Amino acid sequence: MTKPSDPPPVADLSTRTQAIEALQVGIAIADARQPDCPLVYCNDAFQTITGYNLSEVLGRNCRFLQGDDRNQDARQQIRNAVQKGKYCKVLIRNYRKDGAMFWNELSLSPMRDAEGQLTHFVGLASDVTTRVVGNEKRREREARLQAILDTAVEAIITIDERGRCESINAAVEKMFGYTAEELLGNNISVLMPEPFHSEHDGYLTKYMHTGEQKVIGIGREAYGLHKDGHQFPIRLSVSEIQLDRRRLFTGIIHDITEQKSAEKRLVQSERLAVLGEAMARLAHESRNALQRIQIAVETARVYADGLPPLLGQLDAIERANDSLNALLEELRNYAAPLHLERKEVSLASAWREAWNTVSHHLTERKVELIEQSADPEAKANIDRFRIAQVFRNLFENSLAACDDPVRIVVAVEKSDESGAPRWRISVSDNGPGLDIEQARRVFEPFFTTKAKGTGLGMAIARRIVESHGGTIAVVAAATGAQFDIELPA
């Protein structure tokens, strides 16, 4: 049986050399036994890449290809490899004979003799300029695109078919309170309140199978969920893109909180205008009737002299008459248009005016007003009469809720959190405070915790503050009730 012949060995050194010369990779060999490791061989590809011929290369250290461009980390990596006789691979800037720069992907390997002594280094050189420049241009495009995305006001998010977040812009972090590290790779439903949170993955799966659109390509209004737990209205637009056989979805999210607030204020303003007109007519007609009641009561008193039971009934009628007059005045204040007469005045003058109004009949009570201001001369462009009306409501509520000794604190500080300077005025007391339901409804018209009251005082106070471009809110306090007012500084 004939044995298969062994493959023919490479005939001689000439054949090996021809094989090396046929390679498209530049090959250079340096003699490690000689000072400065001079080149002793290079193939045709090496000469083509560098532009130097064989006679110009032999006997020189390959660093001449770096020209004057010495400030490169790759040079130190090569030096370390040569000193230690180890392999290294670097990307280094080299220069052709005509001075043109090219990126050289250089692999340097040590060669040893039979005794293990280092004899040569073999370098494999590849001109990868096209690849490097292409990568740089791609990175530049990506950086430019990211810069554009990061300057966008809208939040922009890209997710994959499973709802996992692949990219976000800076507006997402600002809008939702999460960092990129917290979102990337995680399901986007973390930014959604219920029921959207639970329904999102099912909707996405259904769309992938049926193509039925509810948001994609259509857009809708929804709610976003901030990291701190509060919800806010958003307008969401979603588009689908195909990328490398993958389906990605890009969502553009606009926070419409201010828009919704403006719409709400507009609707409220329109309703108040209608209510104001009706109340003006009602007040006019009602006052005439109430005046007639008052006249009748006073006339009846003349004939009721000496009849205590009848006088008692007349007193009750007069008190009811006064209450109706007060209610009509409150309704008129609530519904009537606000015409502000603004001036640059001291905030302290407004709350002191209010305090003087409510405290003059408190001679039999133990009450104390404490002023804490980082800037005693704090001034704002306000209608002092209207702002004093706000403080008067707050003081009256505290006096009604607190047992003696009453301690009311007014504190003022400047805030720049919103980007514009604002005064934050805190009014707190040492009373029982507000429960959750009371805090939720305190600014609701006709809601009151007082035995006698119309429930319009705090609704009017909020309307006055908001007409000044400010806000008023209940703040959680360790004891008592606390309201914070913010006004433009």
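Predicted model: local features only at pLDDT ≥ 70, side-chain atom pairs only at ≥ 80, totals over all residues.
Setting aside residues up to four places away in sequence, L347 touches A378, K379, A380, I382, V412, W423, I425 and L487.

## Helix 12 against helix 14

How do helix 12 and helix 14 pack, in angle and axis distance? The angle is about 145 degrees, and the axes lie 9 Å apart. As for handedness, helix 12 passes helix 14 in a left-handed crossing.

On the helix 12 side, the contact uses R386, I387, Q389, V390, N393, L394 and N397, which meet G457, M458, I460, A461, I464 and V465 of helix 14. Sort the residues of this contact by type and you get eight nonpolar, four polar and one charged. As a reminder, an α-helix has 3.6 residues a turn, so residues three or four places apart point the same way.

## How enclosed is helix 14?

Helix 14 is largely enclosed by the rest of the structure, because eight of its 11 residues are buried. The buried ones are G457, M458, A459, I460, A461, R463, I464 and V465. Past the end of the helix, look for G469: this residue follows helix 14 and has a positive phi, near 80 degrees.

## Q72, a loop residue

Q72 sits in the loop between helix 3 (54–57) and helix 4 (73–84). Is Q72 buried or exposed? Its relative accessibility is 9%, so Q72 counts as buried, the cut-off being under 20%.

What does the Q72 side chain reach? That would be the backbone nitrogen of R93, at 2.9 Å. If you leave out neighbours within four places in sequence, Q72 is in contact with I92 and R93.

## D315 in helix 10

D315 belongs to helix 10 (residues 308–335). With 30% relative accessibility, D315 counts as partly exposed. The C-alpha atoms of D315 and V297 are separated by 8.5 Å, and the two residues are 18 residues apart along the chain.

Conventions: Residues numbered from 1 in each chain as written. Heavy atoms only, no water. Helix = DSSP H or I, 4+ residues; strand = E, 2+ residues; numbered from the N terminus. Buried < 20%, exposed > 50% of the residue type's maximum accessible area, 1.4 Å probe, protein only. Polar contact = N/O pair within 3.5 Å; in protein donor to acceptor, adjacent residues only side chain to side chain. Contact = heavy atoms within 4.5 Å. Axes fitted to C-alpha atoms, helices over the stretch in contact; angles between N-to-C directions. Left-handed = near helix turned anticlockwise from the far one by under 90°. Nonpolar A, V, L, I, M, F, W, Y, C, P; charged D, E, K, R; others polar.
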